[in-house]
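Take this model apart term by term.

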Amino acid sequence: MSVSVVRPLAEADLPEADRINRIAFGTFFGLPDPSIFRGDGDVVHGRFRANPEGSFAVDLDGRLVACGFVMDWGSVGILGPLTVDVALWSRGIARAAMEEMIAYMDRRKFVLQGLFTHPQSAKHIRLYESFGFGMQRVTGVMDRTVAGDASLGEAIPFSSLDAPARDFALADAASVADAVFPGLDLTREILSIERECFGDTLLLRRDGALAGFACCHQGAMSEAGSVQALVKFAAVVPGPDAEANFSALMAACDGFAASRGVTRLVAGTNTGRSECYRLMQELGFRTWMNGIAMFRPGGEGYNRPGIYAVDDWR
């Protein structure tokens, strides 16, 4: 087999990278037509534009055959998805991409490196373990039927703010995230949602201070697609008011979904956040897919009791 070449992903690669991603996952999940995976939802374009320097391509004989992404969340780097042309599975292409992606993550000096994978795939788990990732607890990808009206309650949308207020909101959101895990920062996600029109970020204030925020996707080309709303990330400040604030934030996410005309809200959490997982069940969320969180180095990261957070690493 020819030698594969790993290089930065380019804008011109995106249509083919999107095709590879859809066919790979659609095949993995056994869809009759793999190309319909995610419908009109999309991870490739958004993750590239949120962090171009963390986007990778693999060429074989001058043809794009794989793509991979790293999300930059401040001190936390999330690897994935990494997908390979199905005709070339088990040829070492994913390993070649992993070597460059890990080198990037190390250069970027992420304190915590994480990924989401599927527990039924021992092959993928072995690959990631060979690069130093260790399995942690199960992450439940959950959903519930949107039952409320289009009210955001006490939350306000980031899109409604003027430029100076947005700067303050970004700083406040970074402080909330830092309280969840030192250095965690969702600024890239918030700005990407606004710039690419993927949805909105909801800001929950209590007594003049930001108590929590939720990065919500909805619409064609977003990670949710048109048929549902997705909470890409949400968190509240830890402490005695965290449960009440998280409930209010999820209610606002419900209102966001209703305002966009959809009836399904997707939001997942790791079972290491035990109180959060329990509360989501009480709020009517039910798991429809399980994944495994893997960390490099080991440890619990922010998957621990007392943390009320939702994140989607898929």
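Q: What makes the largest pocket a pocket, and what is its volume?
A: The largest pocket has a volume of about 1,000 Å³. On a 1 Å grid over the protein atoms alone, a pocket is an open set of points with protein on both sides within 12 Å along at least five of seven lines, whereas a cavity is a set where a 1.4 Å probe fits but cannot get out. The volume is the space filled by probe spheres set on the points, which are joined across faces, edges and corners.

The model is predicted: local features need pLDDT of at least 70 and side-chain atom pairs 80 or more, while totals for chains, interfaces and linings use all residues. Numbering starts from 1 along each chain as its sequence is written, and side-chain values use heavy atoms, with hydrogens and water left out.

Q: How is the lining of the largest pocket classed?
A: It has 27 nonpolar, 13 polar and 8 charged residues. Ala, Val, Leu, Ile, Met, Phe, Trp, Tyr, Cys and Pro count as nonpolar, Asp, Glu, Lys and Arg as charged, and the others, Gly among them, as polar.

Q: Why are α5 and α6 called oblique?
A: The axes of α5 (residues 163-180) and α6 (residues 187-196) cross at roughly 140 degrees. Angles under 35 degrees count as roughly parallel, over 145 as roughly antiparallel, 65 to 115 as roughly perpendicular and the rest as oblique. Therefore α5 and α6 are oblique to each other. The α5 side of the contact (heavy atoms within 4.5 Å) is Arg 166, Leu 170 and Ala 173.

Q: How do you know whether Cys 276 is buried or exposed?
A: Its relative accessible area is 0%. Buried means under 20%, exposed over 50%, partly exposed in between (1.4 Å probe, protein chains only). So Cys 276 is buried.

Q: What makes Asp 61 and Met 221 stand out in phi?
A: Asp 61 has a positive phi of about 55 degrees without being a glycine. Met 221, also not a glycine, has phi near 80 degrees. Most residues other than glycine have a negative phi. At 62% relative accessible area, Asp 61 is exposed; at 36%, Met 221 is partly exposed.

Key: Axes are lines fitted to C-alpha atoms, for helices over the stretch in contact, and angles run from 0 to 180 degrees between N-to-C directions. Helices (H or I, at least four residues) and strands (E, at least two) are DSSP runs, numbered from the N terminus. On a 1 Å grid over the protein atoms alone, a cavity is a set of points where a 1.4 Å probe fits but cannot get out, and a pocket is an open set with protein on both sides within 12 Å along at least five of seven lines; lining residues have an atom within 4 Å of a point.
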